[in-house]
Amino acid sequence: SGVMEPSQPNYRSYLLRLWRVSDDERPAWRAVLKSSRTGEEVGFGSLDALFQYLRSEASLEPGENEQRY
């Protein structure tokens with residue numbers, strides 16, 4: 001079947017939390033991704049950092065060590 005199982009190496013699943021903060025009266029987004037596989041949480045100070053992390057995760061080969069941000 002075409003359904004991907006979480007145990008497959010080419011599968012990523014996260015819980016994403018986003019919230020807005022004001023830095024010197026300039027609104028900014030903060031984010032936390034929680035891996036549904038490991039429970040590990042990674043925080044981001046901007047959407048750009050979040051997107052960079054996701055692009056990196058999407059380019060990982062199966063078995064390659066995850067990068068830390």
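**Fold, core and salt bridges of the predicted model**

The protein chain contains one helix and three strands, where helices (H or I, at least four residues) and strands (E, at least two) are DSSP runs numbered from the N terminus. The order of these elements from the N terminus on is β-β-β-α. The model is predicted: local features need pLDDT of at least 70, side-chain atom pairs count only at pLDDT 80 or more, and totals for chains, interfaces and linings use all residues. Residues are numbered from 1 along each chain as its sequence is written, and side-chain values use heavy atoms, with hydrogens and water left out.

Of the 69 residues of the protein chain, 17% are buried; buried means under 20% relative accessible area, exposed over 50%, and partly exposed in between (1.4 Å probe, protein chains only). The largest nonpolar core consists of six residues, Ala31, Leu33, Val42, Phe44, Leu50 and Tyr53. Two or more residues of this core come from each of strand S2 (26-35), strand S3 (41-44) and helix H1 (47-59). A nonpolar core is a set of buried Ala, Val, Leu, Ile, Met, Phe, Trp, Tyr and Cys residues joined through side-chain atoms within 4.5 Å. In soluble globular proteins, nonpolar side chains tend to be buried together.

The structure holds two salt bridges, each a side-chain nitrogen of Lys or Arg within 4 Å of a carboxyl oxygen of Asp or Glu. In one of them, Glu57 pairs with Arg12, and the closest N and O atoms are 3.2 Å apart. Glu57 lies in helix H1 and Arg12 in the segment before S1, so this pair ties together parts that are 45 residues apart in sequence. Glu57 is buried, at 3% relative accessible area, whereas Arg12 is partly exposed, at 33%. The side chain of Glu57 also makes a polar contact of 2.7 Å with that of Tyr14. A polar contact is a pair of N or O atoms within 3.5 Å; within protein, one must be able to donate a hydrogen and the other to accept it, and residues adjacent in sequence count only if both atoms are side-chain atoms.

Arg17 and Glu41 form a salt bridge through their side chains (3.5 Å, N to O). Because Arg17 lies in strand S1 and Glu41 in strand S3, the pair ties together parts that are 24 residues apart in sequence. Arg17 is partly exposed, with a relative accessible area of 36%, and Glu41 is partly exposed at 43%.
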